[in-house]
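Student: I am new to this structure. Please take me through one part of it closely, step by step.

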Amino acid sequence: YAEREASKLVQKVVEAEVPNVKIEVTDPSLKASEYEDAARKATDEKIKNTNYEQALAELAKVKKEDDPYGIVPLRKAQIYGAMKKSKEAIAAYEEALNSANTIETRLALANLYLGEKDKAAATKQLEESDKLAVPDPMMM
């Protein structure tokens, strides 16, 4: 009984302090996510791009050792794509290939190259993605 009453008292103290608690996000990857969310919710194009730029600035602060799976270049590529900056998105996807040589990355690159009217580069990416595909045994 005493333990339950003490727990209730602690809960009341915590609830009373909640309005005074301020949480500050310091991790650049998490901060970038906050800016990305704000950009997606923004209706004004200028505000949207400002938030995307802030997200990119935060992602630039992420150290290589803090990104073992190479997610940062993929996130940059998606942001640049949302900003309609194809050349920057291509560069980010190319960087992502160093750690994320996947079919999806290759197909995204092929799509961007087609948008840039570079059929040869798009074809190369499609050929590379085909090499990564796992054959379906039912089709053999």
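Tutor: Start with a definition: the expected span of a helix is 1.5 Å times one less than its number of residues. Helices here are DSSP runs (H or I, at least four residues), numbered from the N terminus. Now take helix H6, residues 103-115. Its 13 residues should span 18 Å at 1.5 Å a residue, and its end C-alpha atoms are 18 Å apart, which agrees.

A word on the source. This is a predicted model, where local features need pLDDT of at least 70, side-chain atom pairs count only at pLDDT 80 or more, and totals for chains, interfaces and linings use all residues. Residues are numbered from 1 along each chain as its sequence is written, and side-chain values use heavy atoms, leaving out hydrogens and water.

Next, the two sides. Thr105, Arg106, Leu109, Ala110, Leu112 and Tyr113 of H6 are buried (under 20% relative accessible area, with a 1.4 Å probe, protein chains only). They cover an arc of only 165 degrees around the axis, which puts them on the same side of H6. That arc is taken from the directions from the helix axis to the C-beta atoms. On the other side of H6, Glu104, Asn111 and Gly115 are exposed (over 50%).

What lies over the buried side? The cover includes helix H4 (71-82), helix H5 (86-96) and helix H7 (119-132), with contact meaning heavy atoms within 4.5 Å.

After H6 comes Lys117, whose phi is positive, near 65 degrees.

Technical notes
Helices (H or I, at least four residues) and strands (E, at least two) are DSSP runs, numbered from the N terminus.
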